[in-house]
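Dear colleague,

Please find the structure below for your records. My findings follow directly after it.

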Amino acid sequence: MSNIIQSFISVVIPVYNDLPALKEAVPLTLKMMDDVFSGFEIIIAEDASTDGSTECAASWQEKDSRIIHLHRDQRLGRGSALTTAALQAKGDIFCYFDVDLATDMSYLPQLIRAVTDGADIATGSRLLSDSNITRSLGREVKSRGYNWLVRFILRSRLKDHQCGFKAFNKDKLLSLLPEIKDTHWFWDTEVLVRAQRKGYVIEEIPVIWREGPGTTVKSQDIWKMGRSILNLWWKLHVP
């Protein structure tokens with residue numbers, strides 16, 4: 001029992017039209033949590049899906065009382081879904097990961113232990129020297145360019161801001177949420193940048209990460225992210 005983590009954990013899986021991935025992610029997550037954690041809840045933050053993800057999440061909630069399905073009739077964005085889940089989560093530690101399980105799940109206990117050991121935030125990183133990642137050259141170049149801009153413009157000290165594999169001291173996250181304005185993919189970056197400005201202790205963890213089939217970063221998404229970086233700089237520096 002010495003390897004069992006005693007804190008109550010809220011695990012969030014954000015979902016939008018991810019039925020095949022959701023069908024695989026829920027049982028794998030349940031097994032991991034049962035093996036390593038003494039108490040937990042799994043929140044499926046499902047954002048107005050139309051592909052059957054809604055019904056799949058609802059059926060899991062019926063089968064297991066530890067699973068909570070948060071459904072929204074209107075799509076409001078991944079970041080907004082995470083904020084909503086955090087406000088309803090009961091755990092001492094709040095964590096989330098992408099439904100495609102691109103990050104190797106075996107790193108979840110290490111991620112959580114970083115927070116139980118004193119970090120305010122722990123985040124998986126694909127850009128540390130010990131990380132092991134597989135993805136297309138185009139996506140690699142875009143990711144490194146984006147993270148360089150975040151470090152250069154927003155003065156972040158972190159290597160990777162967008163890895164969908166993070167854990168938080170929930171009280172610290174709740175104190176930060178009123179400042180977070182982004183409702184979609186930039187949410188991750190804004191949380192980490194604002195947390196650093198507040199002096200939060202953030203630990204980056206090297207992970208194994210594999211690009212899933214069909215995952216893409218479009219050029220228009222890069223432009224949106226670039227604008228988001230500049231908008232956040234403006235908000236942080238202009239009264």
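A residue is called buried here when its relative accessible area is under 20%. Please note that the model is predicted.

**Asp-188.** At 1% relative accessibility, Asp-188 therefore counts as buried. The residue belongs to helix α7, which covers residues 187–197. Its side chain makes a polar contact with the side chain of Arg-78, at 2.5 Å. Apart from neighbours within four places in sequence, Asp-188 is in contact with Arg-78, Tyr-96, His-161, Gln-162, Cys-163 and Lys-166.

**Cysteines.** A disulfide is a covalent bond between the sulfur atoms of two cysteines. With a cut-off of 2.5 Å between the sulfur atoms, the count comes to 0 disulfides. Cys-56 takes part in none, as the nearest cysteine sulfur, that of Cys-95, lies 19 Å away. Cys-56 has 12% relative accessibility and so counts as buried. Cys-163 is likewise in no disulfide; the nearest cysteine sulfur is that of Cys-95, 13 Å away. With a relative accessibility of 0%, Cys-163 also counts as buried.

**Helix α1.** This helix comprises 18 residues, 19–36, and reaches 26 Å from its first C-alpha to its last, close to the expected 26 Å. Its buried residues are Leu-19, Leu-22, Ala-25, Val-26, Thr-29, Leu-30, Met-32, Met-33 and Val-36. In an α-helix there are 3.6 residues a turn, so residues three or four places apart point the same way. The buried residues of α1 pack against the strands β1 (5–15), β2 (37–47), β3 (67–72) and β4 (93–97), and against the helices α2 (53–63) and α4 (108–116).

Yours sincerely

Technical notes
Residues numbered from 1 in each chain as written. Predicted model: local features only at pLDDT ≥ 70, side-chain atom pairs only at ≥ 80, totals over all residues. Heavy atoms only, no water. Helix = DSSP H or I, 4+ residues; strand = E, 2+ residues; numbered from the N terminus. Expected span 1.5 Å × (residues − 1). Buried < 20%, exposed > 50% of the residue type's maximum accessible area, 1.4 Å probe, protein only. Contact = heavy atoms within 4.5 Å. Polar contact = N/O pair within 3.5 Å; in protein donor to acceptor, adjacent residues only side chain to side chain.
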